[in-house]
Amino acid sequence: EELDEPNQTGPVEPSSKKVRSEEPSSSALADADESNDADKKTNLKIEKKRPEHTVVVGKLEYPAHPFTVNVSNLSAETEDMDLVDAFAKCGAIVHARILREKHHGPRHIKAKSKGVGLIQFEERESAEKALALDDEIGLHEKLIKVRRSHMPAVSKVPPGM
């Protein structure tokens with residue numbers, strides 16, 4: 001009785017080979033794929049849009065943030081509002097801040113300034129006007145360097161600004 005039962009690990013019977021030959025051949029499948037490819041519009045070579053401006057930090061190159069400028073050579077007495085007052089003539093400012101050292105003391109005492117600040121404008125044209133003021137504008141008896149920035153002055157802009 002064991003010999004009459006089909007052996008599942010044994011050789012394949014010829015009837016199963018006929019079933020396989022009824023499947024479409026690989027060339028028939030290739031023809032069908034080509035007709036489907038003609039219907040689909042695929043572009044495998046998508047050109048990556050290169051940023052208009054880049055900022056080099058060390059050996060790395062970052063895309064410049066279109067609305068933010070980096071101001072440096074600031075004096076230790078310069079405050080955030082001093083930046084707003086100095087660059088308000090360029091256009092509407094979303095946010096301005098001075099980068100400071102880490103502070104571990106009491107909260108009412110401000111941390112030491114790093115001499116660098118970020119100003120984020122509402123429009124690209126305003127940022128371009130600010131870039132034109134490089135070495136032309138001064139605060140607290142120091143000429144300010146103005147460059148493009150790769151990071152925004154504020155991470156999230158509240159709605160309506």
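Helix H4 (residues 124-132) lies across E3, E5 and E8 and runs at about 140° to E8. Here contact means heavy atoms within 4.5 Å, and axes are lines fitted to C-alpha atoms, for helices over the stretch in contact, with angles running from 0 to 180 degrees between N-to-C directions. Helices (H or I, at least four residues) and strands (E, at least two) are DSSP runs numbered from the N terminus. The model is a predicted one, where local features need pLDDT of at least 70, side-chain atom pairs count only at pLDDT 80 or more, and totals for chains, interfaces and linings use all residues. Residues are numbered from 1 along each chain as its sequence is written, and side-chain values use heavy atoms, with hydrogens and water left out.

Helix H3 (residues 80-87) lies across E3, E4, strand E5 (113-121) and E8, at about 135° to E4. As for the sheet itself, 4 strands make up an open, antiparallel arrangement in the order E4-E5-E3-E8; two strands pair if DSSP finds at least two bridges between them. Strand E4 (93-100) and strand E8 (145-148) sit at the edges, each pairing on one side only. From one strand to the next, the twist averages 25°. Strand E3 (residues 68-72) and E8 run antiparallel and are joined by 4 bridges, with Ser 72 standing opposite Lys 145 in E8.

That lysine also takes part in a charged pair: the side chains of Lys 145 and Asp 135 meet in a salt bridge (3.3 Å, N to O), that is, a side-chain nitrogen of Lys or Arg within 4 Å of a carboxyl oxygen of Asp or Glu. Lys 145 lies in strand E8 and Asp 135 in the loop between H4 and strand E6 (138-139), so the pair ties together parts 10 residues apart in sequence. Both are partly exposed, Lys 145 at 35% relative accessibility and Asp 135 at 34% (buried is under 20% relative accessible area, exposed over 50%, partly exposed in between; 1.4 Å probe, protein chains only).

Glu 128 forms a salt bridge with Arg 148, the closest N and O atoms being 3.1 Å apart. Glu 128 belongs to helix H4 and Arg 148 to strand E8, so this pair ties together parts 20 residues apart in sequence.

In total, 4 salt bridges are counted. Another of them joins Glu 79 to Lys 110, with the closest N and O atoms 2.7 Å apart. Because Glu 79 lies in the loop between E3 and H3 and Lys 110 in the loop between E4 and E5, the pair ties together parts 31 residues apart in sequence. Glu 79 is partly exposed at 30%, whereas Lys 110 is exposed at 54%. Glu 79, Arg 100 and Lys 110 are linked in a network of salt bridges.
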